[in-house]
Amino acid sequence: MNEDIISPENLVYEKPKLMNDTPMHYCAGCSHGVVHKLVAEVIEEMGMEEKTVGVCPVGCAVFAYRYLDIDWQEAAHGRAPAVATAIKRLWPDRLVFTYQGDGDLACIGTCETIHALNRGENIPIIFINNAIYGMTGGQMAPTTLIGQKTATCPYGRDSKIHGYPLKITELAAQLDGTCYVTRQSVETVAAIRQTKKAIRKAFEASMHGKGSSLVEVVSTCNSGWKMSPVKANEWLEEHMLEFYHKGDLKDTTGL
Amino acid sequence: MSKIKGAIVVNTDRCKGCGLCIAACPKQAIAMADKKVNVSGYPYVEPSIQADACTGCKSCAIVCPDGCITVYRKKVEE
Amino acid sequence: MKGNEAIAHAAIRCGADGFFGYPITPQSEIIETLALLKPWETTGMVVLQAESEVASINMLYGGAGAGKRVLTTSSSPGVALMQEGIAYMAGAELPGVIVNVQRGGPGLGTIQPSQADYFQATRGGGNGDYNVIVLAPNSVQEMADFVDLAFELAFRYRNPAMILSDGVIGQMMEKVVLPPIKPRRTEEQIKKECPWATFGRTADRKPNIITSLELKPEVMEQRNLAMQAKYQKIKDHEVRYEMLRCEDADYVIVAFGSAARIAEKAIEIAREEGIKVGLFRPITLWPFPEKQLTELAKKVKGMLVAEINAGQMIEDVKLAVNGAVPVEHFGRLGGIVPEPQEIVENLKKMM
């Protein structure tokens, strides 16, 4: 029965071709893989496989270059927007994007992020916000929620000691250089489809010279949060999305 | 009468057994392989005993972070 | 024109693709001149004022990683900020040109000239085992000439190259013959010369990855060894220096950059007084002209290292001379430029 169905003419979904067979180092259930697939799908759908340069961060996505068969540059911690600025200015007909986590983008690289966005560099920035430092073992991030426990705020984030979670996406929406600022998530099929549309719009906007885009993807880090992947998705919906509201914060692309 | 039938192929060597696909499947057509691990030592998923219920909706494949699932769909006459 | 202006003109003329920098005294004329000349309308060269030196050097990383001829310029505290990015460029083996028009330190220091970044420039400056090719101009002419030379060396060896100048040379006005005009390289030329560069993976090759990261120690050691072999090759082929009136010299003043200009005058004064003294001027500070100094030490009675710092290049001179003759240091600090007469007096002290 199945043998009749499993045949090339009936194929409706497979791993994007740009994603190679190298096993990803991410923990089981990590949101990074989902977003990697979406980035690969969008590049393929735009036909930009041979004209794309990705810039990856320091953090869990440091090895993103192993998994998508495009040209990549590995930036110093937080500097991806500066690296991408130069590549895009020097190769204006290329699709140049950055892929960064919350520590990279909203903490050590805040300066580069804000200024690249404010200059209106024609680069889309993919921002994975999982409210924790995954690669270094679960420490507090600039986006860690109040009360959330991490290795460096083991009694929960306390605003009196640690300050407040940074809504950098709201900040980006205020900048004249940005054309598209959105917050999405990838915990359900519907959310993933929305995120893909957002990435597509951001990539298209950059190629149309509309300015800079920021696509925040509220994500899970089940290892860092010390939950099962399924439970982490539930926690994301209950806690993350309550503070990080989803939707387009700005869209002047006309696309 | 025609009906949509689906089928999946799991790259079990690549699967990490996170279970997100199981939670996403509306037909319980995918399940953890019983007491088995793959070459990397991870438990993995496979089509369940209810695999016949699969409609090829792609939900499992879309939520799979590791791109392990390939989906096929066909209109069949009952 | 000023040394700083010469850098700007030379960059455009030698086919640079991009400049990324942040204003800092005493070198802001470089970015100001570029902004006035608007090369983006003529050669297509990109000129961008970045938000910081940290951003500038990472823009250099991005541009160099994409196969383009890119440069940044700054002064000591700014170059200190760039060290992370320079180490990343060295680790990822990227060509790029960094100009340091030095001022006095440490810290915010002073806006007056200095040569106190010799250690920072020649010892790597950031983390890890690496070297940057360092050229030390002593005139406005060399400021102009060394831009193209630095690019050529940087691309030949896939390594950052630095022009270590200072506030004297940067601000000094002299006549200069600007280098010939070279067109910017085409996409085809870049593809051919930089097969490692990232500007879109075509179907005929694997993805190019620009990174300094490798977690397997065996692989990382091999990468490091390959870099060390490259550094040895640079040492073997790229040493540059100048000797002045050393043929009959009993003593030699060793000096680079603006200190070498002052030392030239000191030699004239000393010769008038009957002291047979010559000048040895390293032009590449890394690779350092070690062998040449070892040879020279066999013919003279002593060496005076004149620097505008507390004694930095003297360490390399002593290593080269290896105790064969006395080596003394003379320098002024805090932004004070030594007088030729002071150098002569210090020379007499060691006689």
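Q: How much area is buried between chain A and chain C?
A: Buried area is the accessible area (1.4 Å probe) that two parts lose on being put together, summed over both. In this predicted model, chain A and chain C bury about 2900 Å² between them, with carbon and sulfur atoms giving 60%. On the chain A side, A:Asp71, A:Leu90 and A:Trp91 supply 24% of the area that chain A buries against chain C, more than any other three residues.

Q: How many salt bridges does the rule find across the interface of chain A and chain C?
A: A salt bridge is a side-chain nitrogen of Lys or Arg within 4 Å of a carboxyl oxygen of Asp or Glu. Here the rule finds four across this interface. A:Arg94 pairs in this way with C:Glu187, their closest N and O atoms being 2.8 Å apart.

Q: How many residues of chain A are in contact with chain C?
A: Contact means heavy atoms within 4.5 Å. By that rule, 33 residues of chain A meet 37 residues of chain C.

Technical notes: Residues are numbered from 1 along each chain as its sequence is written. Chains are lettered from A and ligands numbered from 1 in the order in which they are written. This is a predicted model: local features need pLDDT of at least 70, side-chain atom pairs count only at pLDDT 80 or more; totals for chains, interfaces and linings use all residues. Side-chain values use heavy atoms; hydrogens and water are left out.
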